Amino acid sequence: MHPYRTHTCNEINESEVGQQARISGWIHRVRDHGGVVFIDLRDHYGITQIVVDPERDFYEDVHHWRLESTVCFTGEIVRRDEETANAGLATGKVELMADEMKVLNRAETLPFPVADETDYPEATRLRYRFLDLRRGQLHENIVLRSKITNSIRQRMIGLDFNEVQTPILTASSPEGARDFLVPSRLHPHKFYALPQAPQIFKQLLMVAGFDKYFQIAPCFRDEDSRADRSPGEFYQLDMEMSFCTQDDVFEVVETVMSGLFDEFADDGTKTSTLPFERIPYRQAMLDFGCDKPDLRNPLRIIDVTEVFEDTEFKAFTSVVKKGGVVRAMKVTGIVDQSRKFFDDMIEFAQSVGSKGLGYIGWKDEEVRSPIAKFLNREQLEALKTAADIESGDVLFFIADKEKAACEIGAAVRNELGARLELLEPNAYRFCWIVDYPMFERDEATGKVEFSHNPFSMPQGEMEALETKDPLEVLAYQYDLVCNGIELSSGAIRNHKPEIMYKAFEIAGYDSAVVDNKFPGLITAFTLGAPPHGGIAPGLDRIVMLLANQPNIREIIAFPMNQSAQDLMMNAPSEINERQLRELHIQLRPMKGKK
RNA sequence: GGGGUUGUAGCUCAACUGGUUAGGGCACCACACUGUCACUGUGGAGGUUGCGAGUUCGAGUCUCGUCAACCCCGCCA
């Protein structure tokens with residue numbers, strides 16, 4: 001007999017009654033009835049009930065087994081009486097009558113219970129991550145992540161993509177975040193950078209003729225974390241295709257994503273039908289106030305600046321006269337909400353930087369509003385027509401500079417959606433945001449800069465760069481959004497050196513900058529580069545959506561904490577003098593700090 | 001770098017305006033119980049209230065400082 005197990009803890013069943021079996025696992029729970037002891041033995045696969053009879057010589061030891069010790073039991077598989085069967089367990093119709101037992105590893109008092117679903121503070125959970133990972137939900141999340149990763153691989157390979165590993169120790173890539181640096185021992189005072197993304201390499205793979213590349217790629221960025229953003233490292237489904245259009249990229253991603261989400265979504269959860277909706281960037285900023293709209297939210301924002309060009313309502317009209325905008329959002333059927341509801345919404349708007357939040361409600365012929373008295377009949381009618389108002393509807397207003405009005409509008413839209421429970425339930429709503437501007441003006445310096453990736457192909461190519469106002473040039477740059485979460489950015493790349501130099505010139509860099517910063521890429525583009533493009537959906541966020549987890553640490557086996565520390569491994573940690581010397585690094589006392 | 005919240009037993013939470021010996025549950029230890037499945041019952045042990053100052057007759061509670069964790073902003077196209 002195998003020294004540890006003939007079955008897992010989810011395997012024994014009625015067909016094997018009377019046979020001998022050996023199973024190993026963790027002591028999940030113990031129910032000690034004096035005359036008989038029940039043990040729930042748990043492993044990765046499930047739970048089996050072990051029964052220990054008082055006749056057994058190890059019966060006395062039962063009292064000294066701690067929860068979560070690993071134990072091996074050998075005995076006979078026995079059918080349970082009907083009234084003692086447990087319908088909640090896959091193995092609930094049988095149990096193992098123990099003849100032998102062996103403690104494999106004894107557990108001390110646990111820092112927190114494994115056999116419950118209570119939430120415990122993260123610092124504790126992270127310090128004992130191996131224990132936390134035994135617990136139901138987290139354990140399932142990690143298994144789900146494995147299945148999702150595998151499914152993605154199969155789907156990409158099925159579409160003729162080749163998986164290629166790209167370097168981890170490399171040079172800085174052009175993503176705009178801070179690099180993680182690794183000092184070189186062989187080359188004093190020089191550094192490798194960990195890749196922020198395999199951007200250059202995947203483009204070079206296209207130049208190398210691989211046609212379709214993908215990789216479940218680790219990416220490293222030395223930036224602070226958020227609930228949905230790991231500090232330091234994360235994974236992307238990185239992909240790139242040759243001789244492709246933007247629509248070709250969309251088709252691949254839509255096929256993979258809709259297949260993936262259909263496969264792993266809970267029963268009854270709807271996924272967007274194909275093709276995903278495409279929303280131009282400027283349209284998204286108007287309708288939703290942001291470029292990652294949650295399409296489950298039915299609310300839309302409209303522009304009503306014109307109506308307020310000349311009104312008695314000075315608060316708005318003065319904003320318009322200074323070049324600002326007035327945006328409105330209709331919510332149907334809430335005119336009878338309490339005064340407190342509206343006051344809370346005003347307070348919320350102020351908390352996100354608005355001076356206030358105007359509103360007008362219509363009920364039959366009555367107009368309910370703190371601001372309607374400043375508007376004449378025509379102006380009120382214009383608003384009703386613009387927003388298609390019916391009795392019971394309320395129109396909310398935000399007046400500010402355009403950028404601020406968008407941001408506040410987006411926040412108010414999300415808040416109203418959440419507070420009024422307007423979101424479509426059980427749905428994954430995808431969309432593409434397209435037609436991003438190639439350049440934007442930096443508000444502080446007034447300079448024209450790349451608004452996204454400098455390697456995107458401008459729409460209209462060289463002609464657009466030479467003839468258009470740079471701020472009017474659009475790029476073949478796109479984002480994939482699902483339920484208000486940005487899953488991915490991608491682009492059709494600029495594969496022509498002369499257009500690359502011109503684009504950088506517009507952003508204020510001369511050709512030497514391009515040559516120095518990206519020597520491999522720019523040379524490759526002079527030796528036969530195919531038109532190409534790609535995208536890189538974030539694996540972590542995909543798993544978060546499918547596992548329905550709000551925090552990224554719930555879907556990563558060994559995450560760092562928010563301050564980018566590994567509390568279990570104690571990283572980052574100090575290194576010794578010898579290592580420092582080899583790396584040609586001298587530590588100096590920090591300035592300004594005690 | 002900035003803002004907010006939190007810090008009480010191994011864990012999770014209590015403790016009115018400052019007031020007697022800081023409590024309940026889980027876990028741990030002991031005892032009882034032959035069919036439970038979150039077993040039950042009885043008893044026990046377990047505390048520098050994050051740390052350091054201060055105010056006060058008296059501080060878990062108030063003040064200041066400090067440390068840590070989480071959330072947000074900046075940042076991350």
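Let's start with how chain A is held together: among its contacts between residues with a separation of 6 or more, 68% join residues 24 or more positions apart. Keep in mind as you look around that this is a predicted model.

Now step back to take in the whole chain. Chain A has 594 residues, and 33% of them count as buried. Its secondary structure comes to 16 helices and 24 strands. Along the principal axes, the C-alpha atoms fill a box of roughly 95 × 75 × 60 Å.

Helix α10 covers residues 402-419, which is 18 residues, and reaches 25 Å from its first C-alpha to its last, close to the 26 Å expected at 1.5 Å a residue. Which residues of α10 are buried? They are Ala405, Cys406, Ile408, Gly409, Ala410, Val412, Arg413 and Asn414. These buried residues pack against two other helices, α6 (281-287) and α8 (339-351), and also against the strands β13 (301-303), β14 (325-331) and β17 (394-400). Just after α10 you will find Glu421, with a positive phi of about 55°.

Finally, let's turn to RNA strand B. There are 46 residues around RNA strand B, and those that come nearest are Gly34, Gly35, Asp224, His452 and Asn561. Sorted by class, this surface has 19 polar, 14 nonpolar and 13 charged residues. Where in the secondary structure can you look for parts of it? The strands β1 (20-32) and β3 (47-52) and the helix α1 (122-127) each supply at least two residues of the surface near RNA strand B.

Conventions: Residues numbered from 1 in each chain as written. Chains lettered and ligands numbered in written order. Predicted model: local features only at pLDDT ≥ 70, side-chain atom pairs only at ≥ 80, totals over all residues. Near = placed C-beta within 6 Å. Helix = DSSP H or I, 4+ residues; strand = E, 2+ residues; numbered from the N terminus. Nonpolar A, V, L, I, M, F, W, Y, C, P; charged D, E, K, R; others polar. Buried ≥ 20, exposed ≤ 12 C-beta atoms within 10 Å, placed from the backbone. Contact = placed C-beta atoms within 7 Å. Expected span 1.5 Å × (residues − 1).
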